[in-house]
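Here is a short briefing to read alongside the model on your screen. We begin with one side chain and then step back to the whole chain.

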Amino acid sequence: VSHIMSINAQALINMSHKRLCKQASKETRQVMQMIVDEVVKVAPYMKDALVPLCKYRNGKCTEMFSCKGVK
């Protein structure tokens, strides 16, 4: 499926925080990781921001039921 998305950097960061979380489905994480991989090719400085929220917040999870993915 071909997909075109128009999104600003902050919205992409927010989207990656939720879609890369282990609470998201495996398929959702895979698609988001493909998006991140393509963005990082043209904007490598975004790499550290396009991560799950818990990683971005140094291990602090805000989900009700944490997966404890980052220690």
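**A histidine and its partner**

In this predicted model, the side chain of His17 comes to 2.9 Å from the backbone oxygen of Val51. His17 sits in helix α1, which covers residues 9–19. The points below start with this residue and its sequence neighbour, then move on to the overall fold.

**Around His17**

- With a relative accessible area of 7%, His17 counts as buried, because the cut-off for that label is under 20%.
- Setting aside residues up to four places away in sequence, His17 touches Ala49, Val51, Pro52, Leu53 and Tyr56.

**Around Ser16**

- Ser16 is also placed in helix α1.
- The relative accessibility of Ser16 is 0%, so this serine counts as buried.
- Beyond the neighbours within four places in sequence, Ser16 is in contact with Met32, Val36, Ala49, Leu50, Val51 and Pro52.

**Asp37 on helix α2**

- Asp37 belongs to helix α2, made up of residues 26–42.
- Is Asp37 buried, partly exposed or exposed? Its relative accessibility is 39%, so Asp37 counts as partly exposed.
- Between Asp37 and Leu50 there are 9.5 Å from C-alpha to C-alpha, and the two are 13 residues apart in sequence.

**The overall fold**

- The protein has 3 helices and 0 strands, and from the N terminus on its elements run α-α-α.
- Its radius of gyration is 12 Å, close to the 11 Å that the globule rule gives for 71 residues, so the protein is as compact as a globular protein of that length.
- Along the principal axes, the C-alpha trace spans about 35 × 25 × 15 Å.
- Among contacts with a separation of 6 or more, 48% are made by residues 24 or more positions apart.

- Of the 71 residues, 24% count as buried.
- The accessible surface of the protein is about 5500 Å², and carbon and sulfur atoms account for 55% of that surface.

Key
Residues numbered from 1 in each chain as written. Predicted model: local features only at pLDDT ≥ 70, side-chain atom pairs only at ≥ 80, totals over all residues. Heavy atoms only, no water. Helix = DSSP H or I, 4+ residues; strand = E, 2+ residues; numbered from the N terminus. Rg over C-alpha atoms; globule rule 2.2 N^0.38 Å. Buried < 20%, exposed > 50% of the residue type's maximum accessible area, 1.4 Å probe, protein only. Contact = heavy atoms within 4.5 Å. Areas by Shrake-Rupley, 256 points an atom, 1.4 Å probe, with all protein chains shown as cover. Polar contact = N/O pair within 3.5 Å; in protein donor to acceptor, adjacent residues only side chain to side chain.
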